[in-house]
Amino acid sequence: MVNTNTRVESAVHRHLPLVWRVLRRAGLRPVDADDAAQDVFWVFARRINDVPVAAEKSFLVATAMRVASERRRSKWYRNVTEPLDAEQLALPDRSPEKTLETQRRLAVLDEILGKIDTKERDVFILAAIEEMTKSEIAIALNIPEGTVASRLQRAKAAVATAVRYQQNLKGRLL
Amino acid sequence: MKNRDFPGGPEVDVDGRDIALDPGQQTALEQLIETARTDKPDENLTDRVLEGIVYRQSLTRNLSASTGPSRPLHGSFATAGVILLAAAAGIFLWLHPWGSTSTIKISPEQLPAKSPASNPTATSSARPVADPCNERRAADGRQPLIDDFEDGDDEVALVEGRSGLWRWVRDTDLPGSSPALLPIPRPNARPGNQLALHVKGGRLLDWGAVVEFNFVPACYDASVYQGLSFQAKGPGRIFVAPREVGIIPVANGGTCTDDCHNAHVQKIELSAQWKTYEVRFSEVAQRGYSKPAFNPSRLNSLAFQIHPEDTPYDLWLDDIRFLRR
């Protein structure tokens with residue numbers, strides 16, 4: 001087994017799916033999200049003595065958002081969509097059809113999220129997908145709770161617009 | 001969208017925009033969000049992350065060991081410095097006690113700075129951003145040809161102060177290893193129109209491929225024209241991207257510090273036969289809402305992008321020119 005700090009190991013086991021999802025929805029492709037997740041937990045491992053246990057989740061989310069932003073900026077062209085490839089992402093517990101459908105839905109959602117201002121999108125991801133509370137988001141993003149609320153409202157409006165646009169464009173959302 | 005902090009809410013946002021969706025759209029959106037909640041990384045990522053941390057820790061330890069133990073400080077100046085630093089730290093801690101009632105505020109740590117060579121988008125806030133458009137060249141509207149490739153070289157037509165070299169870059173290319181891009185005889189050649197650009201390649205999985213050239217110097221004023229026209233043929237589609245200086249990172253000679261590389265593009269559906277396409281500057285758009293219109297007076301480069309979903313690709317380009325008003 002990997003010999004590493006118990007607390008880091010525990011945090012990785014507990015928060016890796018959250019960190020990875022945040023990185024994915026923040027615009028990174030799966031392979032980028034894997035690498036970025038390593039960066040996030042490496043930052044955590046180095047700062048572990050400064051991070052109270054109660055603040056681990058917020059710290060990791062904040063770091064993930066910033067790492068994702070750095071990575072997005074370093075990409076040459078960002079408006080690239082993930083190719084649909086059922087075999088590439090097929091999981092043992094899912095059929096290729098189910099995997100393809102999941103991937104297609106995620107691609108639709110990512111296209112919608114891609115049309116939102118990044119600050120509003122960050123709040124939407126944490127509130128709507130990760131179901132974090134207003135105060136948790138405020139701490140993670142280091143902004144006042146009122147700003148969280150207003151950004152979320154704007155994000156919802158932008159999502160609604162993007163959903164209508166998507167449906168008008170393709171005739172259906174799903 | 002279940003969240004105890006955000007129940008229901010008004011039907012419009014703070015700017016008065018409509019939030020409400022019809023029931024079908026709302027259900028579909030909730031299904032998308034539910035799918036996103038179940039999205040998860042590969043099962044072995046946990047081990048890879050932990051192994052990565054162990055590896056990085058060992059590197060850090062080896063680095064510390066190789067630099068050897070720090071030498072003891074000698075001399076009165078060093079001793080005085082240490083005493084002064086300790087005193088300053090004591091005063092700081094006395095003025096800023098870390099009580100148990102203080103709100104936890106943790107800012108994420110900055111990643112280690114990379115050299116400009118390894119991080120092409122690195123920017124320095126200390127360095128003032130020089131606008132390359134201070135030394136721009138401008139088209140006069142009399143010679144719209146960018147390149148018809150009949151001269152057989154990889155340089156654009158040297159007219160109206162324009163210059164630049166065509167290149168073909170794929171996401172699999174190592175920096176500086178892109179193949180040379182020279183015109184070759186085109187299918188259905190006619191007298192006076194013998195050569196064209198051709199790129200062909202297999203499946204690409206990252207950002208795809210691009211045929212492009214940079215204006216030299218880095219800012220060109222093409223506002224006298226209303227767009228571009230070109231001949232093309234091939235399967236799939238391409239994205240035509242006249243790029244502004246404002247989307248190029250500072251480190252690459254542009255002025256961009258945020259949302260870089262979000263080029264104004266127009267999608268072109270290609271056909272199996274040669275066809276002439278026109279792209280007006282007023283029609284190209286950036287990704288996202290409420291983005292500024294394209295400014296042709298700050299042109300940095302011209303690109304024909306091929307996205308991964310349009311690979312394998314087989315693209316012919318010819319007779320690229322600005323479009324007169």
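Predicted model: local features only at pLDDT ≥ 70, side-chain atom pairs only at ≥ 80, totals over all residues.
Chain B contains three helices and 13 strands. Of its 325 residues, 40% are buried. Among the contacts in chain B with a separation of 6 or more, 76% are between residues 24 or more positions apart.

Two disulfides are present over all chains. A disulfide is a covalent bond between the sulfur atoms of two cysteines. One of the two joins B:C133 to B:C219, with an S to S distance of 2.0 Å. This pair links distant parts of the chain, the two cysteines being 86 residues apart. B:C133 is in the loop between α3 (76-95) and β1 (137-138) of chain B, while B:C219 is in the loop between β6 (209-214) and β7 (220-221) of chain B. The link of B:C133 and B:C219 is right-handed, with 85° about the S-S bond. B:C133 counts as buried because its relative accessibility is 5%, and B:C219 is buried with a relative accessible area of 0%.

A disulfide is also formed by B:C256 and B:C260, whose sulfur atoms are 2.2 Å apart. The link of B:C256 and B:C260 is left-handed, with -105° about the S-S bond. B:C256 has a relative accessible area of 3% and is therefore buried; B:C260, at 4% relative accessibility, also counts as buried. When the bonded cysteines of chain B are numbered in sequence order, the pairing is 1-2, 3-4.

In soluble globular proteins, nonpolar side chains tend to be buried together. The largest nonpolar core of the model has 67 residues. The residues with the most contacts inside this core are A:V19, A:L23, A:F41, A:F44, A:I112, A:F124 and A:L126. Apart from this core lies another, of 38 residues, which include B:A139, B:A222, B:F281 and B:V284.

Leaving aside residues up to four places away in sequence, A:V19 touches A:A37, A:V40, A:F41, A:L60 and A:A64. A:H15 lies in helix α1 (residues 6-25) of chain A and counts as buried because its relative accessibility is 9%, under the 20% limit.

A:Y165 belongs to helix α8 (residues 145-170) of chain A. Its relative accessibility is 41%, so A:Y165 counts as partly exposed.

Terms used. Residues numbered from 1 in each chain as written. Chains lettered and ligands numbered in written order. Heavy atoms only, no water. Helix = DSSP H or I, 4+ residues; strand = E, 2+ residues; numbered from the N terminus. Buried < 20%, exposed > 50% of the residue type's maximum accessible area, 1.4 Å probe, protein only. Contact = heavy atoms within 4.5 Å. Core = buried A, V, L, I, M, F, W, Y, C linked by side-chain atoms within 4.5 Å. Disulfide = S-S within 2.5 Å.
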